[in-house]
Amino acid sequence: QVQLVESGGGLVQAGGSLRLSCAASGRTFSIYRMEWWRQAPGKGRESVIGIIWSTGVTYYVDSAKGRFTISRYIAKSTVYLQMNSLKREDKAVYYCGAASGGRTTSPEYWGQGTQVTVSS
């Protein structure tokens, strides 16, 4: 099992920045990739950005391009999401996910989520 704990959410003005953290524990050696997903009110959960744990290769959806960055600190088994130029539509609960397989599979492990609210 892998346990994930997110932190860093909060209220920010549009155009501002926020950094989320996700600390992994347990069988972290089984992690192949880690991702950030989000779920806006009334909508389904969507993938935003991800990183291959061993290589650091990153991938993201178009809405995150140029604004969001994912990074990892291997020694702390922690992944970060740096969000810049935040928009009102970025308001959502952000979840960290960890997967042992490739990108055709959904993450097996999830954190509890952290709320991000963007005000105008």
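Predicted model: local features only at pLDDT ≥ 70, side-chain atom pairs only at ≥ 80, totals over all residues.
Good morning. Residues are numbered from 1 along each chain as its sequence is written, and side-chain values use heavy atoms, with hydrogens and water left out.

Let me turn to the disulfide. Its partners are Cys 22 and Cys 96, with their sulfur atoms 2.1 Å apart. The bond joins distant parts of the chain, 74 residues apart: Cys 22 belongs to strand E3 (residues 18-26) and Cys 96 to strand E9 (residues 92-99). Strands here are DSSP runs of type E with at least two residues, numbered from the N terminus.

Which hand does the disulfide of Cys 22 and Cys 96 have? It is left-handed, because the torsion about the S-S bond is about -80°.

As to accessibility, buried means under 20% relative accessible area, computed with a 1.4 Å probe on protein chains only. Cys 22 is buried, at 0% relative accessibility, and Cys 96 is likewise buried at 0%.

My second topic is Arg 67, located in the loop between strand E6 (58-60) and strand E7 (68-73). With a relative accessible area of 10%, Arg 67 counts as buried. A polar atom of the Arg 67 side chain lies 3.0 Å from the backbone oxygen of Ser 85. Setting aside neighbours within four places in sequence, Arg 67 is in contact (heavy atoms within 4.5 Å) with residues including Gln 82, Met 83, Ser 85 and Asp 90.

How values were computed. Disulfide = S-S within 2.5 Å. Helix = DSSP H or I, 4+ residues; strand = E, 2+ residues; numbered from the N terminus. Buried < 20%, exposed > 50% of the residue type's maximum accessible area, 1.4 Å probe, protein only. Polar contact = N/O pair within 3.5 Å; in protein donor to acceptor, adjacent residues only side chain to side chain.
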